[in-house]
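Have the model open while you read.

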Amino acid sequence: MLEVKGVNSAYGRAHILYDLSLSAKRGEVVVLLGRNGAGKSTTLKTLIGLVRPLAGEISFDGRRIERLEPYQIARLGLGYVPEERRIFTDLSVMENLEVGRQAPRAGAPQWTPAKLFRLFPNLAGMRERPGARMSGGEQQMLTIARTLMGNPSAILLDEPSEGLAPVIVEQMAKTILELKQEGLCVLLSEQNLHFANLVADRAYIIEKGHIRYQGTMAELAADGQVRATYLSV
Amino acid sequence: MQYAPSRLGRGNALPGTPQQKSIEPHLSLSAFLVQLLNGLASASSLFLVAAGLSIIFGVTRIVNFAHGSLYMLGTYIAYSLVKVFGGGMLGFWGGVLCAGIAVGLFGALVERLLLRRLYHAPELLQLLATFALVLIIRDFALWTWGAEDLLGPRAPGLGGAIDIAGRQFPEYDLLLIALGPLVLGLLWLLLTRTRWGTLVRAATEDREMAGALGVNQAWLFTSVFALGSFLAGLGGAIQIPREPAVLTMDLTILSDVFVVVVVGGMGSIPGAFLAAVIIGVLKAMCIGIGIGNVSALGIDFSFSKLTLVVEFIVMAVVLVIRPWGLLGRQQSIPRGAASVEPPLYLPPPALLKGLAAALLMLALLPLFSDRYTLVLLTDILVFALFAVSLHFIMGPAGMHSFGHAAYFGLGAYAAALLFKHAVPMEAALLLAPLVGGLGALVFGWFCVRLSGVYLAMLTLAFAQIAWSVVYQWDAFTGGSNGLVGIWPANWLASKTAFYYLALALCAGGVILLWRIVFSPFGYALRAGRDSPLRADAIGIDVRRQQWLGFALAGVLAGLAGAVHAFSKGSISPDTLSIPRSVDGLVMVLMGGIQTLTGAVAGAALFTWLQDSIARQTEFWRALLGGIILFLVLAFPQGIAGFIRERWDARKDAE
Amino acid sequence: MTETIVLRVSNLSKSYGGVQAVNAVSFSLASGELLALIGPNGAGKTTCFNLLNGQIAADSGSTEFEGRSLIGLKPRQIWRLGVGRTFQITATFASMTVRENVQTALLNFHGRLNSLVSLAERLYVDEAIELLARVGIAEQAARPCAVLAYGDLKRVELAIALANRPRLLLMDEPTAGMAPRERAALMRLTAELARASAIAVLFTEHDMDVVFAHADRVIVLNRGCIIAEGKPAEVRANREVQQVYLGSGSLFGAEHA
C-alpha cells in the first residue's frame with residue numbers, strides 16, 4: 001500500500017531524514033517510534049507532501065507520489081492527521097467535516113457524517129459547535145473524523161496520544177483498531193510505547209533521521225536491548 | 001523625485017459633498033440628514049474595496065498594496081467602457097460591471113503569473129511585489145489615460161436629485177447606499193452557505209492543513225484574488241459619476257481602506273462594513289460641522305483638517321478599547337510562516353576592520369569625487385540611516401512598519417520650520433530628531449498595542465495622516481509646494497563640508513543603532529520578538545520596550561530627515577509620503593532583513609538605482625517597479641542574505 | 001523540612017460564556033513540595049494555571065503567594081515577586097544562544113534591561129553558566145537555542161525560570177514531547193532543585209508515570225472542580241478518578257503502584 005525507499009528530507013539547511021525506507025500494508029497498523037526530533041513528524045510530512053524529499057521514492061497504491069502537491073496526494077486517498085490536531089477553530093464540527101469531504105473511492109471505506117458520529121459518539125451532540133469551544137480530546141476525535149471524510153485508504157497519524165488524558169487515549173486506541181477492521185492502512189508516529197503496544201502490528205524505530213530497527217511488536221517486546229538503546233525505557 | 005499628486009488627495013476631502021449646495025452657519029436637521037446619507041453613500045464603495053482586501057489577506061496572507069491600484073483601474077476602465085458603450089442604461093451599468101469583471105480577471109492573472117511564484121518567499125517580499133505593481137499600474141494608467149482628471153457621465157435615469165427635507169440629494173447616491181448592505185449580504189451567503197466559502201474560511205485559518213485535506217490551494221488562491229480584485233474594481237467603477245478618475249487615487253483609497261480594515265477588525269467582513277459606515281458618516285458629518293467654522297483660510301482647508309482628525313480619533317478610540325478592531329479577533333499566528341531568526345553574533349574582528357576601512361574610504365572620497373558624486377553619496381548616507389532605523393524596528397524588534405517616512409518627514413519639516421523661524425541651522429539640526437522621536441512616541445503608543453500586519457497597516461495610516469496634514473496646512477507647512485531656502489550654515493555651505501557633516505551624523509547614527517542591538521535593551525527587544533510569552537514570563541514589559549524602540553528609531557529617522565532637508569535646501573510633502581515609506585521597505589528588504597549590514601547595502605543600491613533611472617524615462621515608476629519585481633524573484637533572501645547563503649553553501653562544501 | 005505555606009488558593013472561580021471553567025478551587029502548597037494537577041482535557045487545568053500566573057483575571061476567590069495577594073497583578077509583576085514559569089510548548093528566544101537566553105532573564109532580574117551602551121553578552125556570564133550547570137547543560141551554553149534537542153530546550157526553560165530565584169515554580173506539562181527516560185531525568189532534576197532550594201512546584205502532567213513517581217501530592221480536576229486530592233497512591237486507587245481520567249491503567253507502568 002505504502003512504500004518508501006531511500007528518502008532524504010531537509011528543512012532549509014537542516015538535513016532531517018537519511019535514506020529512510022519503510023512500508024505498510026492494507027489493514028496493517030505500523031508505528032514509527034522515536035524521541036522528539038528524531039524525524040517522525042518529518043517522515044509523515046514528507047509522505048503527505050508538506051515537505052518535499054531531496055531524494056528517494058514514495059509509492060502509494062502503486063503510484064509514485066514524491067513530486068505531488070499535498071492536495072493531490074490527499075485526493076489519491078492518503079489521509080493525514082497532524083500533530084496538535086489543527087482543526088479549524090472558526091468552523092463548526094459539520095463545517096470541519098465538509099472541508100475534508102471528497103468523492104467516494106473504490107477500494108476504500110466510505111464515510112458520511114452519520115457513520116462518523118457512530119464512531120465518535122461525542123461529536124454527534126455538538127454538530128454546530130465551533131472548534132474553538134471543544135476540549136483537546138474532542139478536537140482529537142474531530143481531526144481524525146475530518147480526515148476520514150476524504151474516504152482514505154491509508155491514514156497517517158502524528159502522535160495521536162500526545163497531551164490526552166489516559167481515558168481518552170484508551171478510546172483512541174479502540175478507534176484505531178476499528179479503522180484497521182475497516183481495512184485501512186494506518187501509519188502512526190508515537191513516543192508512548194504503552195499506546196503503541198495496544199494498537200500496532202509492526203514498529204520502526206527512528207533515531208536522528210535513520211531507521212534503526214524494524215520488527216513486529218512481539219519481537220520488539222522481546223528485545224530489551226533495542227528498547228533500552230533507542231527508546232530509553 | 002516627484003511622487004506628489006497633482007491635486008488634492010480626494011480620499012480626504014469627501015467627493016461629491018454638497019458643500020456648494022448648502023453653506024450655512026449652522027447644522028440644521030435637514031443638513032444633518034443629508035450628510036448622514038452622503039456618508040452612507042461613500043461608505044459603500046469603501047466597504048467593497050475593504051472587503052476585497054480583507055478576503056485576499058485572509059487566505060493568501062498577502063497585504064495587497066496594489067488593492068488601491070485595482071480600485072483606480074476600476075474607475076478608469078469603467079470611464080472608458082461607458083464612453084464606448086454609450087451612456088444608456090445598458091451601456092452605463094454594463095460598463096460598470098464589465099470594469100469590475102475586467103479588474104477581477106486582471107487580479108487572477110497577477111496571482112497566477114506573479115504572486116504564485118512568491119508564496120514560499122517571506123511575506124514581506126510578497127508585499128514588495130504588490131508595491132511594484134502599484135508603480136507599474138500607476139504608469140500604465142498615465143500612459144493609457146493621461147494625467148488629466150476624467151469625470152464620468154451621470155448614471156442614466158439617476159442623474160437627478162430628490163428632495164430630502166428641503167434639500168437636494170443625488171438619486172445615484174441613494175442607490176449606492178443600498179449597494180453596500182446588498183454586497184455584504186451576498187458575501188455573507190457566499191462565505192457561510194457554500195462549499196467554496198467554507199474552504200475559504202478553512203484556508204484563512206490554516207491553509208497548509210486545508211491542502212493536506214485535499215483542497216487545491218492554487219485554485220482557491222486564484223479565485224479569492226479574482227473575487228477581491230472584482231470587489232475593488234467594482235468599488236472604483238461605481239464612483240465614476242461622483243468622483244473623477246485621478247492618478248493618485250490608488251494610494252489615497254489604500255490608506256482609507258487600511259483604516260477601515262483596522263477599525264473593523266482584520267478578516268471580518270461585517271466589521272469592514274460597520275467601520276466603513278462609521279468612518280464614512282463621521283467624515284461627512286465633520287464636513288457638515290466644518291461649514292460652521294469657515295475661516296479666512298478657505299473652506300477646503302478647514303473641512304479637510306476636521307475629516308482627518310475624525311478618522312484619527314475613531315481609530316485611536318477603537319484601538320484603545322478593542323485592539324483587534326470592532327468585530328475582529330486576536331490574530332492567530334499563521335502556521336509555517338514564522339521564520340526563526342538566526343542568532344546575532346557580535347561582529348568578528350575581520351568584519352569590524354572591513355567596516356572601519358569602508359568608513360575611512362568614505363572619509364577620503366571627497367578628495368577624488370566630483371560635486372555630483374558627493375551629492376549622491378550624501379543622499380546614500382541619509383537613506384542608509386533611514387533604512388537602518390527602519391531595520392531596527394523591523395528586524396530586532398519585529399515590528400513591521402509601512403509608514404516609517406512619517407518620522408523622516410517630521411524630522412525634515414521640524415528642521416525646516418525651526419530654521420524658517422530663525423533658529424540657527426545647527427540647533428535646528430539637533431532639535432529636529434526629537435520631533436521625529438516625539439511623533440514616533442505618539443503614533444507608536446497606538447502601534448505597539450497591535451502586532452503583525454495590523455501594526456503595519458496602522459503605521460501606514462498614521463503616515464498618511466501626517467502627510468495629509470502637511471499637504472493641506474498651507475499656512476504653516478507650505479502645503480503641496482513645501483518649503484524652500486533651507487540652507488546650511490556658512491561653514492557647511494560647500495558640498496564637501498556638508499558631506500562630512502552627513503557622514504559624521506549618519507554613520508554615527510548607524511553605528512549607534514547597531515551597538516544598541518547588542519545592548520541589554522536590544523536583547524529585550526529581540527526577546528519580545530522571539531517569544532512574547534516567554535519575555536512576559538521573565539518580567540519584561542514587551543509593549544513598553546517596543547514603544548521605546550519605536551521612538552528611538554523615530555529619533556534617528558528624524559535625524560536622517562533633518563540632514564536631508566539641509567542637503568536639498570527644500571522639502572516637499574514627498575518626504576513623508578507612502579512611496580517614501582515603501583522606499584525604506586524596499587531598501588531593507590533588498591538588503592535582506594536578517595543581516596544588520598543589509599539595510600545599508602540596500603539603501604546604497606536603491607538610491608543609486610532611483611537616481612540613475614529617474615533620468616532615463618518619464619515612466620521611471622514602471623521601470624523601477626520592474627526592477628523591484630526582478631530582484632524579488634531573483635533574490636528572495638535579499639542581497640546580503642543571498643551573499644550569506646552563498647557563503648554558507650561554500651562553507652558546507654568544504 | 002520546614003513546612004512553610006508558599007501558595008494558598010481559596011475558592012478560585014472563572015467562567016467563560018456560562019461555562020464554569022474553574023469552580024471554587026482551593027488548595028495550598030508548601031515550600032519544597034511537588035504538587036501535580038491532573039485531570040481530563042478541558043477540566044480547567046490550563047485556566048487554573050493562567051489564573052495563578054496572572055494571564056487571566058479570576059471572577060472570584062483569592063490567591064496568595066507568601067502572604068501577598070496575586071489578584072489583579074500582571075504576569076511580570078508576579079514574576080518580580082519570585083514566581084517562575086515553564087510552558088507546555090517550549091518558548092525560548094530562538095535568535096539567541098542558550099547562555100544569552102538565561103542572561104536576558106538575569107539582566108531583567110538585576111534591573112539592567114534598559115541599558116543602551118553596555119554589551120549584554122558580557123554581563124552576568126558566570127551567573128548564567130552557573131544556572132545552566134545546575135540543570136546540566138552548561139556545555140551547550142554557546143549553541144543557538146534553535147538547534148537544541150527538545151529535552152535540552154526544556155532544561156534551558158528551567159534555567160531561565162530559575163533566574164529570578166523563585167520560591168514557586170509553575171510548570172505546564174513539563175515533560176510533554178519528551179522520551180520516557182528524559183522525562184524521568186527532568187522530573188528528578190526538578191525535584192532535587194525544589195528540595196535543595198526550598199522551591200514549591202505546581203505542575204500539570206498527562207504522563208502518569210511521571211506523576212506517580214515524582215509528585216508529593218496530586219489534585220484531580222474535573223469540569224472545574226477538585227474531585228480528589230491526596231498522595232499519588234490514594235488518588236490512583238480512587239474510583240471516580242479512574243473513571244473520568246485514568247482509565248483501565250493500560251497506559252502507564254505498574255511499578256510505581
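## Where chain C meets chain A

The contact takes 28 residues from chain C and 23 from chain A, with contact meaning heavy atoms within 4.5 Å. About 1800 Å² is buried between the two chains, and carbon and sulfur atoms give 56% of that. Buried area here is the accessible area (1.4 Å probe) that two parts lose on being put together, summed over both. On the chain C side, C:N41, C:R181 and C:L251 supply 35% of the area that chain C buries against chain A, more than any other three residues.

There are 0 salt bridges between chain C and chain A; the rule wants a side-chain nitrogen of Lys or Arg within 4 Å of a carboxyl oxygen of Asp or Glu. Polar contacts do turn up, in 3 residue pairs with both partners at pLDDT 80 or more. A polar contact is a pair of N or O atoms within 3.5 Å; within protein, one must be able to donate a hydrogen and the other to accept it, and residues adjacent in sequence count only if both atoms are side-chain atoms. The elements of chain C that give two or more residues to this side are α6 (180–197), α7 (208–214) and α9 (239–246), and α9(C) gives the most, with 5 residues. Helices (H or I, at least four residues) and strands (E, at least two) are DSSP runs, numbered from the N terminus.

## About the model

This is a predicted model: local features need pLDDT of at least 70, side-chain atom pairs count only at pLDDT 80 or more, and totals for chains, interfaces and linings use all residues. Residues are numbered from 1 along each chain as its sequence is written, chains are lettered from A and ligands numbered from 1 in the order in which they are written, and side-chain values use heavy atoms, leaving out hydrogens and water.

## Where chain C meets chain B

Over on chain B, 36 residues of chain C are in contact with 32 residues of chain B. The area buried between these two is about 3000 Å², with carbon and sulfur atoms giving 61%.

The rule finds 2 salt bridges across this interface. C:R76 forms a salt bridge with B:D541, their closest N and O atoms sitting 3.1 Å apart. Chain C brings α2 (75–81), β6 (83–86), α3 (98–109) and α5 (150–161) as the elements giving two or more residues to the side that touches chain B, and α3(C) gives the most, with 5 residues.

## Aromatic pairs

Over all chains, the count comes to 23 aromatic pairs. Rings of Phe, Tyr and Trp (its six-membered ring) pair if their centres lie within 6.5 Å; planes under 30 degrees apart count as stacked, over 60 as edge-to-face and the rest as tilted. The rings of B:F65 and B:F131 have centres 5.9 Å apart and planes at 85 degrees, so this pair is edge-to-face. B:F65 lies in the loop between α1 (29–60) and α2 (67–85) of chain B, while B:F131 is in helix α4 (residues 123–145), 66 residues apart.

B:F419 and B:F566 are edge-to-face too, at 5.5 Å centre to centre and 90 degrees between the planes. Ring pairs also link B:Y407, B:F443, B:W445, B:F446, B:F462 and B:F550 into a cluster.
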